[in-house]
Amino acid sequence: MPSVLVVDDQFLIRSGLTALLTAAPGYEVVGEACDGEEAVRLAAQTRPDVVLMDIRMPGTDGIAATERILAGRQDPADGGPEVLVLTTFDSDEHVFRALRVGASGFLVKDTPPERLLAAIATVHAGEMLFSPRALRGLIEAYAAPAARAPHPGLDTLTPREREVLALVGAGLPNAEIAVRLVLSPATVKTHVHRCMSKLALSSRAQAVVVAHEFGLAARMR
């Protein structure tokens with residue numbers, strides 16, 4: 001059962017999300033926050049599996065709150081919280097910033113209820129959730145030139161871990177990576193967690209950026 005912290009500065013949206021999740025079997029709302037500061041505090045207190053995070057809020061916005069919440073996560077392999085960003089437009093530049101600091105994906109606020117529930121389950125399982133357009137925007141906005149110095153953690157990756165990271169960078173979910181490399185999904189998940197740990201990454205979205213920054217994803221096309 002995923003536990004969820006709902007963060008939005010608009011009462012009607014926040015209460016609507018809470019009502020939806022409370023009524024849905026298998027989901028638990030552990031708290032509501034109306035701004036980024038309260039979100040950071042409640043995330044530390046309640047330790048949710050997933051944070052539904054509004055981006056645009058007065059004071060500490062959703063991007064700063066996401067970065068602070070994920071900074072408190074000792075090891076991504078230990079689980080939660082994952083941050084699922086709520087936005088008005090999927091091309092919003094703030095979406096790319098949120099993904100860059102570690103959010104696991106995003107949804108537009110008019111997403112149908114069934115898709116919202118599926119999205120929470122998806123990021124709770126450690127997968128990414130964003131459109132191909134957002135993936136392209138993330139890479140174009142934040143991938144550094146190929147000439148930059150190698151990431152210090154890349155040399156610690158095994159050949160198999162490099163393969164897995166490259167496919168993560170191509171946007172493939174664990175199930176597809178497992179088929180491509182003839183591995184079990186559980187083994188792929190282990191490799192992903194090891195890559196993230198060795199590279200000091202807090203989210204799969206950051207792994208996508210690293211794979212593109214250093215040309216790994218390009219080799220798998």
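**Around helix α9**

What covers the buried residues of α9 includes α7, α8 (174-181) and α10 (204-213). Helices here are DSSP runs of H or I with at least four residues, strands are E runs of at least two, and both are numbered from the N terminus. Buried means under 20% relative accessible area, exposed means over 50%, and partly exposed lies in between, with a 1.4 Å probe and protein chains only. The model is predicted: local features need pLDDT of at least 70, side-chain atom pairs count only at pLDDT 80 or more, and totals for chains, interfaces and linings use all residues. Residues are numbered from 1 along each chain as its sequence is written, and side-chain values use heavy atoms, with hydrogens and water left out.

Start with α9 itself. The helix has 14 residues and reaches 20 Å from its first C-alpha to its last. That is close to the 20 Å expected at 1.5 Å a residue, where the expected span is 1.5 Å times one less than the number of residues. Which residues of α9 are buried? They are V188, H191, V192, C195 and M196. These residues cover an arc of only 135° around the axis, so they sit on the same side of α9. The arc is taken from the directions from the helix axis to the C-beta atoms. Just after α9, A200 takes a positive phi of about 55°.

Now look for empty space. Rolling a probe the size of a water molecule over the atoms shows where such space is left. A cavity is a set of points, on a 1 Å grid over the protein atoms alone, where a 1.4 Å probe fits but cannot get out; lining residues have an atom within 4 Å of a point. Grid points are joined across faces, edges and corners, and a volume is the space filled by probe spheres set on the points. By this rule there is one cavity of 30 Å³ or more. The largest cavity has a volume of about 30 Å³. V164, L165, V168, V192, C195, M196 and A207 line it. By class, the lining has seven nonpolar, no polar and no charged residues. Ala, Val, Leu, Ile, Met, Phe, Trp, Tyr, Cys and Pro count as nonpolar, Asp, Glu, Lys and Arg as charged, and the others, Gly among them, as polar.

Next, two loop residues. V182 lies in the loop between α8 and α9. Its phi is near 55°, a positive value in a residue other than glycine. V182 is exposed, with a relative accessible area of 71%. R47 lies in the loop between α2 (36-46) and β3 (50-54). Phi of R47 is near 50°, again positive in a residue other than glycine. R47 counts as exposed, at 67% relative accessibility.

Buried or exposed: how does R14 count? At 12% relative accessibility, R14 is buried. This arginine is found in helix α1 (residues 11-23). Contact means heavy atoms within 4.5 Å. Not counting residues up to four places away in sequence, R14 touches V6, D8, D9, E32, A33 and C34. T66, in helix α3 (residues 62-71), is buried at 0% relative accessibility. Leaving aside neighbours within four places in sequence, T66 contacts M53, V83, V101 and A103.

Finally, the whole protein. There are eleven helices and five strands. Buried residues make up 50% of the 221 residues.

How values were computed. 1 Å grid on protein atoms, 1.4 Å probe; cavity = no way out; pocket = protein on both sides within 12 Å on 5 of 7 lines; lining within 4 Å.
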